[in-house]
Amino acid sequence: EGRPDIGLPFWQACWKRLRPNENVAPFPRKCFIHVEGVEQVNPVLEVGKGGEESKFNLHEADLTEGIVKALDTMKVFSACTVRVITPYSAQKAKIEERLKHFVTCPVKPFKELSVNSVFETQGGEADFVVLSTVR
């Protein structure tokens, strides 16, 4: 069925951030995108990678990749930090797999791009935060 569309609300939010002085409604501090996906269970992960029975949602991982690609396409966020947060180690692995080309490319699209568990993120800050809840 292809990759999910990130939706008009996200684009509107980005546009308002880029053009805050235009005659539009104020930039929303948050944007929620509903994802129709299927929660799956990864029965065995490597030791040290979160233990057993971690959950993931491939559709949501695809959407997360789409959001990061959209930010990259706009080419104005290169000085920004982007952090993807998820409570499940299996979802973290799926998202890292999809975003690895951003980390390995010679020209970095963002000041920093990281994928972290909720625990790893404690006390951290970022200009853009993408929360992947899986469920």
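Tutor: The side chain of S54 reaches the backbone nitrogen of A90 at 2.8 Å. A polar atom of that S54 side chain also lies 3.2 Å from the backbone nitrogen of S89. A polar contact here is a pair of N or O atoms within 3.5 Å; within protein, one must be able to donate a hydrogen and the other to accept it, and residues adjacent in sequence count only if both atoms are side-chain atoms. S54 belongs to strand β2, residues 52-56. Helices (H or I, at least four residues) and strands (E, at least two) are DSSP runs, numbered from the N terminus. The relative accessibility of S54 is 4%, which makes it buried; buried means under 20% relative accessible area, exposed over 50%, and partly exposed in between, with a 1.4 Å probe and protein chains only.

The model is predicted, so local features need pLDDT of at least 70 and side-chain atom pairs count only at pLDDT 80 or more, while totals for chains, interfaces and linings use all residues. Residues are numbered from 1 along each chain as its sequence is written, and side-chain values use heavy atoms, with hydrogens and water left out.

The protein chain has 4 helices and 5 strands, and from the N terminus on they run α-β-β-α-β-α-β-α-β. Of its 135 residues, 39% count as buried. Contact means heavy atoms within 4.5 Å; among contacts between residues at least 6 apart in sequence, 73% join residues at least 24 apart.

Now the sheet. Three strands form an open sheet in the order β4-β3-β5, paired in parallel; two strands pair if DSSP finds at least two bridges between them. β4 and β5 are the edge strands, each with a single partner, so one side of each has no neighbour in the sheet. From one strand to the next the twist averages 15°. α2 packs on this sheet, touching β3, β4 and β5, and its direction makes about 175° with that of β3. α3 packs on the sheet as well, touching β3 and β4, with its direction at about 170° to that of β4. For these angles, axes are lines fitted to C-alpha atoms, for helices over the stretch in contact, and values run from 0 to 180 degrees between N-to-C directions.

β3 and β4 pair in the parallel sense over 6 bridges. Along this pairing, V82 stands opposite L113, V84 opposite V115, and I85 has N116 as its bridge partner. β3 is mostly covered, with 6 of its 6 residues buried. In a regular strand the side chains alternate between the two faces of the sheet. On β3, T81, R83 and I85 lie on one side and V82, V84 and T86 on the other, and all are buried. In β4, 5 of the 6 residues are buried, so that strand is largely enclosed by the rest of the structure.

Leaving aside neighbours within four places in sequence, V82 is in contact with V68, L71, F110, E112, L113, S114 and F128. V82 is also one of the residues that touch the most other members of the largest nonpolar core, together with V68, F77, V84, L99 and F110; this core has 19 residues. The elements giving two or more residues to it are α2 (58-74), β3 (81-86), α3 (89-104), β4 (112-117) and β5 (128-131), and α2 gives the most, with 6 residues. A nonpolar core is a set of buried Ala, Val, Leu, Ile, Met, Phe, Trp, Tyr and Cys residues joined through side-chain atoms within 4.5 Å.

C80 is buried, with a relative accessible area of 11%, whereas C105 is partly exposed at 22%. With a disulfide taken as a pair of cysteine sulfur atoms within 2.5 Å, the count comes to 0.

One backbone detail follows β5. Most residues other than glycine have a negative phi. V134, in the segment after β5, has a positive phi of about 75° although it is not a glycine. V134 is also buried, with a relative accessible area of 2%.
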